[in-house]
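This note sets out points for a colleague who is new to the structure. Please read them beside the sequence and the model.

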Amino acid sequence: AIFNNDNKKDLGTTDTVKALILSRLKASANYKSIVKTSLLFMAQPRNAYDAFNQVMKTSNKIWEIAGDTSQGGTFYSKRLILSGVYSSTLAYWLAKETRSVGESEYFLDQRLDDVKKIGKIAKQSTDVFEKTKRELGSIITRRSDFFFDKSKLYIYTISLGVRVLFVLECCIYTHVNTRPSS
């Protein structure tokens, strides 16, 4: 069934976004070859602006229906991220003529999980940078210690670098080890 806006109150935001994307695929199921031809046309360089505009309008509409009220940078980043999720799911669905919407649902679930990981990675990075900012603030207030003992500054810089590399390594490890094997 196509998405029913009255039933969205029973769904969370992610499930509403998922239901809306799947509804768009279901609505296009009988026109798969036409959608593919249209996308090939829109993929031409002279149509790049219009293609981007259309995918952003689609993403915006999905977020509006899902009840998003974000503003500023968050407003735009949510739409850009969703446009990537929607576009990759649409491409996956269109890649095989016999691929059903149901088969594409797993792929969509994986992309939505990836987006959740971005949030976790951003949180970890923010935590590291906030701690770094606090520590740099304490260096500035105790700067005389560092002017007289440069080894303290070098040790601090090395520990900061190790901490940042650890967060990045954890993010990469998590990303690589959660991919389904092919």
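1. Leaving aside neighbours within four places in sequence, Thr 13 is in contact (heavy atoms within 4.5 Å) with Trp 63 and Ala 66. The C-alpha atoms of Thr 13 and Ala 66 are separated by 5.9 Å, although these residues are 53 residues apart along the chain. Thr 13 lies in helix H1; helices here are DSSP runs of H or I with at least four residues, numbered from the N terminus.

2. The model is a predicted one, in which local features need pLDDT of at least 70 and side-chain atom pairs count only at pLDDT 80 or more, while totals for chains, interfaces and linings use all residues. Residues are numbered from 1 along each chain as its sequence is written, and side-chain values use heavy atoms, with hydrogens and water left out.

3. Ser 104, found in helix H5, is buried, with a relative accessible area of 0%. Not counting residues up to four places away in sequence, Ser 104 touches Leu 25, Thr 89, Tyr 92, Trp 93 and Arg 99.

4. Beyond neighbours within four places in sequence, Leu 82 is in contact with Val 17, Ile 21, Ser 59, Ile 62 and Trp 63.

5. Pockets deserve a separate point. A pocket is an open set of points on a 1 Å grid over the protein atoms alone, where a 1.4 Å probe fits, with protein on both sides within 12 Å along at least five of seven lines; lining residues have an atom within 4 Å of a point. The lining of the second largest pocket includes Thr 13, Val 17, Trp 63 and Leu 82. H4 supplies the largest share of that lining, 4 residues. The largest pocket is lined by 20 residues, and Arg 24, Leu 39, Val 55, Tyr 86 and Leu 90 lie nearest its centre.

Methods. Helices (H or I, at least four residues) and strands (E, at least two) are DSSP runs, numbered from the N terminus. Buried means under 20% relative accessible area, exposed over 50%, partly exposed in between (1.4 Å probe, protein chains only).
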